[in-house]
Structure formats: structure tokens, C-alpha cells
Amino acid sequence: MTQAMTKAPLTLYLAAPRGFCAGVDRAIKIVEMALEKWGAPVYVRHEIVHNKFVVDGLRDKGAVFVEELEECPLDRPVIFSAHGVPKAVPAEAARREMVYVDATCPLVSKVHIEAARHHENGLQMIMIGHEGHPETIGTMGQLPEGEVLLVETVADVAEVEVRDPDKLAFVTQTTLSVDDTVDIVAALRARFPAIVGPHKEDICYATTNRQEAVKAIAPDCDALLVVGAPNSSNSKRLVEVARKAGCSYAQLVQRAEDIDWRALEGIRAVGVTAGASAPEVLIDEVVAAFGDRFEMTVEKVETAQENVEFKVPRVLRVPA
Ligand code: 10D
Ligand code: SF4
């Protein structure tokens, strides 16, 4: 006689906002519209956003992903990723007379402009960001080599050697942990009382909202999964935020196949969210995988509503 398997009950807290932000949405549209306008291949410098599923989908449509401008032929359009590029990159594309479209998120470009303005006003720049991340490279690359000092931690603030403590300004990466950044900014202001900067930091609305939503669900979750890629800064921060907010088992998963079901045995409540570069279909896939294994009740927990939209560059809005 076969025994009917009964599924264990599970509450799945679905965080909102989660997933795509306005900058990611715009960047993907830029590649799609460029393919429509110019046909394939269209080159993209760096992953347009940090998500393999998105990148693979665009590659299937004719996008070619490269890391350096030098890898692009002169006679095909090139798109710069949402994370931003050093000033030298569009300058070189223009020198080579290439057609290029900048998909840098307008909220990242805003930080570029801030950095340039402070520099013109004679202030030395400090950037709070993660070393080697393309956004950090892009923002630091708005000013001449060596002009921007990078700090990653409170400990770095104590070490940083500045030209003149009275002539300083700071900017930040847009995808940092809000809480960690409060401490770093406080350390900067304590050591350099004259430092000029944004009111708080340059973390964007999408990063802030996704972290807030995670904080709202994490204390009630036995486990929390963040749909996102291992190279996605904002997604990795969501895992850290979940752990700090009281959910010790918080993991990044790219897709349902990455879920470690053995580690989830016996859980009663799981949280699901997604980084700003993770498409909703992947979140649906993860939720459905829980539905297959548990008697699942989904509870949406919404801590903010978003209605931000960015236009694509004009060149793509006019016919070829
Ligand atoms: O690594 P990341 O969080 O900066 O980038 P991702 O592509 O995952 O998400 C979009 C965020 C951007 C483009 C930086 F603001
Ligand atoms: Fe723009 Fe923020 Fe999205 Fe980055 S995470 S692309 S800054 S909206």
C-alpha cells in the first residue's frame, strides 16, 4: 500500500519591493531597442546588469558581451553597462568614432556629476564603495587617476591619508548597506568635520527599499533566500541585511536549482526577495519550487511602493 505524502505547512513571506529597479529596467530596454534599431550584433561593455539569465537572454537576441572597448569592432554600436564607466571609456569610443549608448543608471550618473563638481571646487574626493566593483571603478574614473581615495570600512577611515582635511568631499556607491554606510559616514565626519557630502549618502531608492523590506520579514523567517547573482553588490547586501536582522540562514540563489533543500528541512517560514537585477520569472520559479514541496501560504509584505521610471536615451527614441 502506498502512503499519501503530506506536505509540511510553510509560510512564504514575499518581500516588496524586490527585483528590477528603474535603472535595470532602462538598461535592458536600451540593449533591446539598440538591437531593434541597428540589428545584431550590438556590443555591450560588461554585463548590462549582473544577472546571468538576463545576459543569456540578450545574447540569444544578438548582444555580444565584452569587458573592454578594445574588444568591439569599430563599425558596430556599443552599450555601456548600468553600473557606469570611467570617463575615459566614452572619450575613447568618441575618438574611435564609434556609435555608443550609455546605459549608466541616471542615479549613478548623478553621483558622477557630484564627484566632478566637488573636484572642480578644489575638494579632494573620498569614495565609499567596494574595491574592484564596476560602479566604483566608473565613479572613481570620473576624475584623474589617484584623485579619488577609496574607503570600504570604518577601519579604512582611520588610515586614509588626505591632502588637506579642510578640503574634502565624499560620494558613495549606490548599492551599499544603508546601516554599514551610516557608520562609515559618521567616522568620516568625526575625523574630518569639514567634509562635504550628500545629506546622508548616495545609496539609491531601490537599494534602500529592498533592504527595508528584508528587515521587515527577516525576524519572522527560519530561512531567507535572495534571488540574485554572486557578482551583484545590491543582492549580496540583502543577504547581509537579512542575517543582521535576525535570520541566520540567508542565502543567495540564482535560480530554484540552487536551493539547498536539505538545509531547509523543518522550516516553518521562509522569506524570499530579489536583488535589483533579478527578473520576476526567477522569483516565480523559486516560489513555485517551495509550492511543490510544502503546503505553502504566500504572504506579501510590502514596505514601500515604487513608481520610478527612466527614459531611454533620445537616440533610441528616434527612428533609424
Ligand atoms: O552589483 P550591482 O548591485 O551594482 O549591480 P546589479 O547589476 O546587480 O544591479 C543593478 C545596480 C546597478 C546598475 C548599480 F547601481
Ligand atoms: Fe539605479 Fe539604484 Fe537600480 Fe543601481 S540599483 S541601477 S542606482 S536604481
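Tutor: Buried means under 20% relative accessible area, exposed means over 50%, and partly exposed lies in between (1.4 Å probe, protein chains only).
Student: What share of the chain counts as buried, then?
Tutor: 51% of its 320 residues. This is a predicted model, where local features need pLDDT of at least 70 and side-chain atom pairs pLDDT 80 or more, while totals for chains, interfaces and linings use all residues. Residues are numbered from 1 along each chain as written, chains are lettered from A and ligands numbered from 1 in written order, and side-chain values use heavy atoms, without hydrogens or water.
Student: How far does the C-alpha trace span?
Tutor: Along the principal axes of the chain, about 80 × 55 × 30 Å.
Student: And how many helices and strands?
Tutor: The chain has 10 helices and 12 strands, taken as DSSP runs numbered from the N terminus (helices H or I, at least four residues; strands E, at least two).
Student: Which way do S2 and S3 run, parallel or antiparallel?
Tutor: Parallel: S2 (residues 42–45) and S3 (residues 63–66) are joined by 4 bridges, and pairing takes at least two. Val-42 stands opposite Ala-63 in S3.
Student: New topic. How many cavities of 30 Å³ or more are there?
Tutor: There is 1. On a 1 Å grid over the protein atoms alone, a cavity is a set of points where a 1.4 Å probe fits but cannot get out, a pocket is an open set with protein on both sides within 12 Å along at least five of seven lines, and lining residues have an atom within 4 Å of a point.
Student: What volume does the largest cavity have?
Tutor: About 320 Å³, counted as the space filled by probe spheres on grid points joined across faces, edges and corners. It is lined by 24 residues, and those closest to its centre are Cys-21, Val-24, Thr-174, Thr-175 and Asn-234.
Student: Which elements give two or more residues to that lining?
Tutor: Helices H1 (22–38), H4 (106–120), H8 (205–217) and H9 (233–244). H8 gives the largest share, 3 residues.
Student: What about the largest pocket, what volume does that have?
Tutor: About 180 Å³. Its lining includes Gly-132, Thr-136, Ile-137, Met-140, Glu-145, Val-148 and Leu-150. Helix H5 (134–140) and strand S7 (148–151) are the elements that give two or more residues to this lining.
Student: Which one gives the largest share?
Tutor: H5, with 3 residues.
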